[in-house]
Amino acid sequence: MNQTIAIISMLHEPAHRHSATRLFRGEPVLQWTLKKLAQISRIESVFILCWDDQSPSVAELHRPEYCNIACKGRRQHMGSLEGVAAAGRWLDGWRG
(Lines give C-alpha, C1' and ligand atoms only; values in the text may rest on other atoms or scores of the structure.)
Protein backbone atom coordinates (compact mmCIF):
# COMPACT_ATOMS: atom_id res chain seq x y z
CA MET A 1 0.00 0.00 0.00
CA ASN A 2 1.27 3.46 -0.84
CA GLN A 3 1.87 5.98 1.91
CA THR A 4 0.89 9.57 1.31
CA ILE A 5 2.87 12.17 3.17
CA ALA A 6 1.97 15.86 3.31
CA ILE A 7 4.80 18.37 3.57
CA ILE A 8 4.06 21.87 4.80
CA SER A 9 6.98 24.14 4.02
CA MET A 10 7.35 27.35 5.99
CA LEU A 11 10.81 28.12 4.60
CA HIS A 12 9.45 30.90 2.40
CA GLU A 13 7.78 32.66 5.34
CA PRO A 14 9.39 35.45 7.39
CA ALA A 15 10.55 34.94 10.97
CA HIS A 16 8.16 37.43 12.55
CA ARG A 17 4.87 36.54 10.84
CA HIS A 18 4.38 33.00 9.59
CA SER A 19 1.69 30.30 9.44
CA ALA A 20 2.12 29.34 13.10
CA THR A 21 1.61 32.94 14.29
CA ARG A 22 -0.62 34.52 11.59
CA LEU A 23 -4.30 34.19 12.50
CA PHE A 24 -7.26 33.17 10.35
CA ARG A 25 -10.65 33.34 12.06
CA GLY A 26 -8.93 33.55 15.42
CA GLU A 27 -6.65 30.53 14.99
CA PRO A 28 -3.17 30.17 13.49
CA VAL A 29 -3.17 29.33 9.77
CA LEU A 30 -1.02 26.27 10.48
CA GLN A 31 -3.62 24.94 12.92
CA TRP A 32 -6.35 25.30 10.28
CA THR A 33 -4.15 23.51 7.75
CA LEU A 34 -3.42 20.63 10.13
CA LYS A 35 -7.13 20.23 10.92
CA LYS A 36 -7.95 20.00 7.22
CA LEU A 37 -5.16 17.51 6.55
CA ALA A 38 -6.37 15.36 9.46
CA GLN A 39 -9.68 14.94 7.63
CA ILE A 40 -7.99 13.27 4.66
CA SER A 41 -7.90 9.55 5.36
CA ARG A 42 -5.15 8.70 2.85
CA ILE A 43 -2.53 10.94 4.45
CA GLU A 44 -0.31 8.81 6.66
CA SER A 45 1.74 11.61 8.20
CA VAL A 46 2.54 15.29 7.94
CA PHE A 47 5.95 16.95 8.00
CA ILE A 48 6.28 20.64 8.82
CA LEU A 49 9.47 22.02 7.32
CA CYS A 50 10.62 25.17 9.11
CA TRP A 51 13.60 27.23 10.27
CA ASP A 52 14.86 27.09 13.86
CA ASP A 53 13.40 30.54 14.61
CA GLN A 54 9.92 29.27 13.64
CA SER A 55 10.09 25.98 15.52
CA PRO A 56 8.94 27.17 18.99
CA SER A 57 5.66 28.45 17.52
CA VAL A 58 5.26 25.33 15.39
CA ALA A 59 5.93 23.06 18.37
CA GLU A 60 2.97 24.59 20.22
CA LEU A 61 0.59 23.60 17.40
CA HIS A 62 1.85 20.32 16.00
CA ARG A 63 0.20 17.04 16.86
CA PRO A 64 2.96 14.52 17.68
CA GLU A 65 0.78 11.51 16.86
CA TYR A 66 0.14 12.85 13.37
CA CYS A 67 2.90 15.20 12.31
CA ASN A 68 6.62 15.76 12.62
CA ILE A 69 8.67 18.93 12.69
CA ALA A 70 11.70 19.00 10.42
CA CYS A 71 13.89 21.99 11.28
CA LYS A 72 16.22 23.09 8.52
CA GLY A 73 18.55 24.90 10.94
CA ARG A 74 19.43 28.56 11.12
CA ARG A 75 17.65 30.77 8.61
CA GLN A 76 19.59 31.07 5.36
CA HIS A 77 19.23 33.17 2.23
CA MET A 78 17.86 31.07 -0.63
CA GLY A 79 17.33 33.31 -3.64
CA SER A 80 15.29 30.86 -5.69
CA LEU A 81 12.91 30.16 -2.80
CA GLU A 82 12.45 33.87 -2.14
CA GLY A 83 11.77 34.42 -5.85
CA VAL A 84 9.02 31.80 -5.90
CA ALA A 85 7.46 33.26 -2.73
CA ALA A 86 7.52 36.77 -4.22
CA ALA A 87 5.91 35.56 -7.44
CA GLY A 88 3.16 33.86 -5.45
CA ARG A 89 2.29 37.10 -3.68
CA TRP A 90 1.59 38.76 -7.01
CA LEU A 91 -0.47 36.06 -8.66
CA ASP A 92 -4.20 36.59 -8.88
CA GLY A 93 -6.16 33.79 -7.27
CA TRP A 94 -3.20 31.41 -7.03
CA ARG A 95 -4.69 29.69 -3.97
CA GLY A 96 -7.84 28.72 -5.81
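Trainee: Where is Glu-13 found?

Mentor: Glu-13 sits in the loop between β1 and β2 (23–24). Strands are DSSP runs of E with at least two residues, and helices are runs of H or I with at least four residues, numbered from the N terminus. This is a predicted model: local features need pLDDT of at least 70, side-chain atom pairs count only at pLDDT 80 or more, and totals for chains, interfaces and linings use all residues. Residues are numbered from 1 along each chain as its sequence is written, and side-chain values use heavy atoms, with hydrogens and water left out.

Trainee: What is the secondary structure of the protein?

Mentor: Three helices and five strands. Along the sequence the pattern reads β-β-β-α-β-α-β-α.

Trainee: What makes Ile-5 partly exposed?

Mentor: Its relative accessible area is 43%. Buried means under 20%, exposed means over 50%, and partly exposed lies in between (1.4 Å probe, protein chains only). The value 43% falls in between, so Ile-5 is partly exposed. Ile-5 belongs to strand β1 (residues 4–9).

Trainee: Which residues make the nonpolar surface patch?

Mentor: Ile-5, Ile-7 and Phe-47, with about 280 Å². Patch residues have over 30% relative accessible area and no salt bridge; nonpolar side chains (Val, Leu, Ile, Met, Phe, Trp, Tyr) are joined within 5 Å, like charges within 9 Å. Areas come from the Shrake-Rupley method with a 1.4 Å probe; for residues, only the protein chains shown count as cover.

Trainee: Why is Cys-50 called buried?

Mentor: Its relative accessibility is 0%. That is under 20%, so Cys-50 counts as buried.

Trainee: Is Cys-71 buried or partly exposed?

Mentor: Cys-71 is partly exposed, because its relative accessibility is 39%.

Trainee: How do you know that Glu-13 has no salt bridge?

Mentor: A salt bridge puts a side-chain nitrogen of Lys or Arg within 4 Å of a carboxyl oxygen of Asp or Glu. For Glu-13, the nearest side chain of opposite charge, Arg-22, is 4.4 Å away. Lys and Arg count as positive, Asp and Glu as negative; His and the chain ends are not counted.

Trainee: Which residues does Glu-13 touch?

Mentor: His-18, Ser-19, Arg-22, Gln-54 and Arg-75, not counting residues up to four places away in sequence. Contact means heavy atoms within 4.5 Å.
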